[in-house]
Amino acid sequence: YKRQGVITGLPGTKKTMRVLIGAAEFGKDYSIVFTFPLRQLRDEVVSRFEREPLKRYKDRVTVIRAHDEVCPSLSERVRSGMQYWQALGEHLRAVKEGREECYWKREALKAMEAIRQRKIIIGTHGIGIMIWLLTWAMRRSDVIFIWDEGDEIFVNISEPLYLGDLEVLKELAPSKYKRILRLSTKAVPNADGPSTGLFLHERLVYQLIKRSFFITATWPKSISEWFESYEGHEIEEYRMRGQTSDDTIVILNEQLNWNSRHAWMKVLAPQLLEIAKAAVEKFGTLAVIARNYEQNEELEMLFRSSGYRVWTDRRQDNECDYRDCDIVMITVLGKGYRGINFFSKRTGSDFPVIVGFYQAKGLDIVHPIFRFMFEDDPEDEFSEMNNFIRDLVMAKNFQSLFRFNRFRNRRHLMVLLDKRWWSTINYYANFYYKSSNIVHVSIDDVSKVVVPLIKSFNPVPEGE
């Protein structure tokens, strides 16, 4: 281990598993903090240590959970709809008054002990940032941080660390707590209440990157360029190429703006039903990516009106499991858009036919820290800030698409209903796809092109 790096490759190339095995075999010279954007992903990885090839390393694993996971009273407040900072404030007041118990100190102690014993620590990105702050304040250089879905960490950095969560460090290590506060940005007032949020200083972001490995199919090049301005070289990239994909891609040759959706949905709605009919008749299922929850609801109504059973990440009360529904639908930046693998009992594999809309709205991540990192000129479409936001927006769409496209030894027909998909595919995966397998269509001809392709499509490549 010498320095930072990025492990990239198309989704489904087993990047995470291969890095997990490599990290576990790395030896006992380092503590390894392996973090994930979702708790569901974290728990899935923890379960892998119950079976080979990771079972032999099970005793080295320590799981660190979030504050609201270990304190039931805090969790109840959050589930009731209370904002986290409000719930945390009430919980800590109740603890001081002796009305509630807090078990967060126990988790912090467990993390500190795991670092001393050089164990494999597994948690979410938020927990990873807090552990990183602790190890940085302790001046520990024998800790390696691995961030799965690595570009997502920059969304986490744009969110506040709550002083109430960090207060346990004030008790356990007061001098280190003061160092963290001194070299972080000042607490930022909430719109609805007092100052509660602590954001990392630009130099701390640089130090975090310098001591980290990132696993992702969608690494923002703008981050590498920013890092180079500090370090004098870009972050080293290790690409897990896998095999060239034999997928077929149909891309709309125009941009579908949300404000004019009623006009273009009149044209697309009947064609979507034709595509659904062909896909469900041949493969038993169709995967759909909605650009937001409003469109998700509209598409659900469209498909249900034609008698299809629909599973959507918008609902908790779906009529069927996603593995056994006619239509399976997720949303860009929704609950199912990242890190989760969708499979179908009907195909015995992933989804042969995928229809994707495009969410082009800029993410709400332009916190002042990014103003420090990137030059911003609202009039310049290609300013550093706009390039950074564009990188992350493309990543969110790309990651959503590949929740359904998991097996590299299977062919997929991807119907991408916005010309901006073209730049996204080119940016993150142009080396995987054959130009002869890419078709551009007009909005009036989508089903005319796609339905015959579905009828003749074979997901299993020749020779298998």
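Reader: Which term describes how helix H13 and helix H14 are oriented to each other?

Author: In this predicted model, the axes of H13 (residues 261–283) and H14 (residues 293–305) come within 11 Å and cross at roughly 45°. Angles under 35 degrees would count as roughly parallel, and 65 to 115 degrees as roughly perpendicular. The orientation of H13 and H14 is therefore oblique.

Reader: Is the crossing of H13 and H14 left-handed or right-handed, and how many nonpolar residues does their contact have?

Author: The handedness of the crossing of H13 and H14 is right-handed. On the H13 side the contact includes Trp-264, Met-265 and Leu-272, and on the H14 side it includes Glu-298, Leu-299 and Phe-303. Sorted by class, the contact of H13 with H14 has one polar residue, three charged residues and, as the number asked for, nine nonpolar residues.

Reader: What is the angle at which helix H5 and helix H9 pack, and which residues of H9 make the contact?

Author: Helix H5 (residues 84–96) and helix H9 (residues 163–172) have axes 9 Å apart, and they pack at an angle of about 40°. With the limit for roughly parallel set at under 35 degrees, H5 and H9 are therefore oblique to each other. From H5 the contact draws on Tyr-84, Leu-88, Leu-92 and Lys-96, and from H9 on Gly-164, Asp-165 and Glu-167.

Reader: How many charged residues does the contact of H5 with H9 have?

Author: The contact is formed by Tyr-84, Leu-88, Leu-92 and Lys-96 of H5 together with Gly-164, Asp-165 and Glu-167 of H9. By class, there are three nonpolar residues and one polar residue in the contact of H5 with H9, and the number of charged residues is three.

Reader: Where is the proline that a cis peptide bond joins to Glu-52?

Author: The cis peptide bond, with omega of about 10°, joins Glu-52 and Pro-53. Pro-53 has its place in the loop between helix H2 (39–48) and strand S3 (61–63).

Reader: Why does Arg-118 count as partly exposed?

Author: Arg-118 is in the loop between helix H6 (104–116) and strand S4 (120–124), and although it is not a glycine, Arg-118 has a positive phi of about 55°. A residue is partly exposed when its relative accessible area lies between the buried limit of under 20% and the exposed limit of over 50%. Arg-118 falls in that class because its relative accessibility is 33%.

Reader: Is Glu-149 buried or exposed?

Author: Glu-149 sits in the loop between strand S5 (143–148) and helix H8 (153–157). Its phi is near 50°, a positive value in a residue other than glycine. Because its relative accessibility is 10%, and the limit is under 20%, Glu-149 counts as buried.

Reader: Which residue's side chain makes a polar contact with the side chain of Ser-349?

Author: Ser-349 belongs to the loop between strand S14 (327–331) and strand S15 (353–356), and with a relative accessible area of 11% it is buried. Leaving aside residues up to four places away in sequence, Ser-349 touches Phe-343, Ser-344, Phe-407 and Arg-410. The side-chain polar contact, at 3.2 Å, is with Asp-350.

Reader: Which residue's side chain makes a polar contact with the side chain of Asn-437?

Author: Asn-437 lies in the loop between helix H17 (420–429) and strand S17 (438–441), and it is buried, with a relative accessible area of 14%. Not counting residues up to four places away in sequence, Asn-437 touches Asp-246, Asp-247, Thr-248 and Ile-249. The polar contact between side chains, at 3.0 Å, is with Asp-246.

Reader: What is the length of the polar contact that joins the side chains of Glu-69 and Arg-42?

Author: Glu-69 is part of helix H3 (residues 67–70), and at 28% relative accessibility it counts as partly exposed. The side chains of Glu-69 and Arg-42 are joined by a polar contact of 2.7 Å.

Notes. Residues numbered from 1 in each chain as written. Predicted model: local features only at pLDDT ≥ 70, side-chain atom pairs only at ≥ 80, totals over all residues. Heavy atoms only, no water. Axes fitted to C-alpha atoms, helices over the stretch in contact; angles between N-to-C directions. Helix = DSSP H or I, 4+ residues; strand = E, 2+ residues; numbered from the N terminus. Parallel < 35°, antiparallel > 145°, perpendicular 65-115°, else oblique. Left-handed = near helix turned anticlockwise from the far one by under 90°. Contact = heavy atoms within 4.5 Å. Nonpolar A, V, L, I, M, F, W, Y, C, P; charged D, E, K, R; others polar. Buried < 20%, exposed > 50% of the residue type's maximum accessible area, 1.4 Å probe, protein only. Polar contact = N/O pair within 3.5 Å; in protein donor to acceptor, adjacent residues only side chain to side chain.
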